[in-house]
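Dear colleague,

Please find the structure below, with its sequence. My notes on what was found follow directly after it.

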Protein chains: 2
Amino acid sequence: MTHRIAVAAVDVGGTKTACGLFLATGELIHSRTEPTAGESAESAAGQIVAMAEAAISEAPVDAVVAGMGIVVPGWVNRASRTVWAPNIKGWDHVPLERQLAERLPIPIFLESDRTGYVKGEAWLGVARGLTDVVFLAVGTGIGAGVLSEGRFLHGHDDLAGCVGWLALNPRYEEIYARIGCFEAEASGNSMGRKGAERLRTAQGGQPASIAARDVIEAASNGNPAAAAIIDEVSVYLGMGVANLVSTLNPQMVVLGGGLFQGGTRLLERVRHEFARWAQPIAARSVRIELSTLGEHAGLYGAARIALDNI
Amino acid sequence: MTHRIAVAAVDVGGTKTACGLFLATGELIHSRTEPTAGESAESAAGQIVAMAEAAISEAPVDAVVAGMGIVVPGWVNRASRTVWAPNIKGWDHVPLERQLAERLPIPIFLESDRTGYVKGEAWLGVARGLTDVVFLAVGTGIGAGVLSEGRFLHGHDDLAGCVGWLALNPRYEEIYARIGCFEAEASGNSMGRKGAERLRTAQGGQPASIAARDVIEAASNGNPAAAAIIDEVSVYLGMGVANLVSTLNPQMVVLGGGLFQGGTRLLERVRHEFARWAQPIAARSVRIELSTLGEHAGLYGAARIALDNI
């Protein structure tokens, strides 16, 4: 009897953790999402083991689960195989790959979520089959995963793609030192912060808390201060995309993360801005597209990472 | 009798062309530089053939010249093996590799000068033995060559490293459309242009023509307008280096090209500025150094390209 190959996949997020079981063909045969048990390093690891065991038990009788890919929201040091993740308590250079391997009966392959996003989209998303792809994630923060000639660009310390730190404005502001210029100007959090600073409520006071989607909605309703924020953020997003295109000359830039889940209006603004700044020949040859896997990009990527390594 | 391996190397520049003969150990046993015969595609190709034949004839009797690397100041399309180079008349998608192969008795390997610079420095220059290196050339224009895990980053259309187009200032200026923002703000030519626009002579008139070195000298002599130009250019250079570090996480950024041949003062300014902008962990782990091969980086790189391919 011949067996089909299956892999387990885990995408650990700051708030949610997803686990799936995939056939090597890309067919997703089981998936489950839970709030991340991020109270401690041990609770997070225990949750991963339990979710993985449940996923493995869903394998068809003719399938062999040959490995598990796991992506995490932080810095994966490939030399020490450790994880540093600011959103999960105690994941401070934790040897997660080894810890999981001791508790699960299959090989474990650990990468950053940025690796997962771009590998997922290049496998079964909008960048399917492409070899030179940048995934730009714009949500709470900003980061990128880069495929070049089919290989993920890790950088020497596994920090390539920390593009929230792109310098885009020579007039230095204090906040740049903390989160980087691009992230301070154009992340979803920063759009909300700009909204809180600049949008007045009908009563003339400042709204207590504003999210990026509130700014986008206010702009749609004709609020000029909100529209000015969208204009400003669009320029920075266009500049950031342009810099990735001029430096890396990819076939496609995939835009993902919370800020781009509202639809295609922001996409059109970014496409328009980016074309003013990027190297012209590289700009004409690249496509700028929204993620089609959306919040599942990391899970698909984790499966692809397992398949690439088994 | 065993033979030593030798390779020929040619670095075609916009004004000068250099040719050398190297042993595989890196020993340079012959070199010659001439003004580039750039009047036509044919004159440039003929010059390369003549210089290569002369170099090959210098090989020791126990050496076999196993191939020739050639680097050119333009866009090398690896699919069509053609060259587009704005500074050499008629090099408008010319099949140079094939033309040379028909006239020379050894295999020919063609790459861009940016490829040569970074491969030369990583072979026998300041980045000797490193695998993750960016060479940033700042002269007439601005461009970069990137080694990542020992492989040159070509990009999908062989345009990776066109970093003269980095977007660094959200206040768009017309000149950015023609040469790119970074190049418009920080190349040697642009420093000269800023000098011509802003420096008054002692007589109160504007000097007719100013080179970057005149601005640097005026700043050293206490001219405040010149010092302000150096300040401004240093900020942009620091931002550009920072963006390469945050995106690519290299071990070293090598600074080369005419603007950095004046010594270490500009280097110190760039190091200082860069550290304010780059991803902090990547910034602490990278070294920012001047090219040690200087104007020979391309020639050494051409030899390395030949050795990598034979």
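Over all chains, the count comes to 40 salt bridges, a salt bridge being a side-chain nitrogen of Lys or Arg within 4 Å of a carboxyl oxygen of Asp or Glu. One of them pairs Glu149(A) with Arg78(B), whose closest N and O atoms are 3.8 Å apart. Glu149(A) sits in the loop between strand 10 (142-148) and strand 11 (151-152) of chain A, and Arg78(B) in the loop between strand 5 (75-77) and strand 6 (82-84) of chain B, so this pair joins two chains. Helices (H or I, at least four residues) and strands (E, at least two) are DSSP runs, numbered from the N terminus.

Two remarks on conventions are needed. This is a predicted model, in which local features need pLDDT of at least 70 and side-chain atom pairs count only at pLDDT 80 or more, while totals for chains, interfaces and linings use all residues. Residues are numbered from 1 along each chain as its sequence is written, chains are lettered from A and ligands numbered from 1 in the order in which they are written, and side-chain values use heavy atoms, with hydrogens and water left out.

The contact between the chains

Between chain B and chain A the count is 4 salt bridges. Glu149(B) forms a salt bridge with Arg151(A), with 3.9 Å between the closest N and O atoms. There are also 21 residue pairs in polar contact between chain B and chain A, both residues being at pLDDT 80 or more. A polar contact is a pair of N or O atoms within 3.5 Å; within protein, one must be able to donate a hydrogen and the other to accept it, and residues adjacent in sequence count only if both atoms are side-chain atoms.

On the side of chain B that touches chain A, strand 11 (151-152), helix 8 (224-248), helix 9 (265-277) and helix 10 (280-285) of chain B each supply at least two residues. Helix 8 of chain B gives the most, with 8 residues.

The contact (heavy atoms within 4.5 Å) takes 48 residues from chain B and 48 residues from chain A. The two chains bury about 4100 Å² between them, 58% of it on carbon and sulfur atoms; buried area is the accessible area (1.4 Å probe) that two parts lose on being put together, summed over both. In chain B, the residues that lose the most area to chain A are Trp165(B), Thr247(B) and Trp277(B), together 16% of what that side buries.

The sheet of chain A

In chain A, 5 strands form an open sheet of mixed pairing, in the order 3-2-1-4-8. Two strands pair if DSSP finds at least two bridges between them. Strand 3 (28-35) and strand 8 (108-112) of chain A are at the edges with a single partner strand each, so one side of each has no neighbour in the sheet. From one strand to the next, the twist averages 15 degrees; axes are lines fitted to C-alpha atoms, for helices over the stretch in contact, and angles run from 0 to 180 degrees between N-to-C directions.

Strand 4 (residues 63-72) and strand 8 of chain A run parallel and are joined by 5 bridges. Met68(A) has Ile108(A) in strand 8 of chain A as its bridge partner. Helix 3 (residues 113-124) of chain A lies across strand 2 (16-23), strand 4 and strand 8 of chain A, at about 100 degrees to strand 8 of chain A.

The sheet of chain B

Chain B has an open sheet of 5 strands in the order 3-2-1-4-8, with mixed pairing. Strand 2 (residues 16-23) and strand 3 of chain B pair in the antiparallel sense over 7 bridges, and Lys16(B) stands opposite Pro35(B) in strand 3 of chain B.

With kind regards
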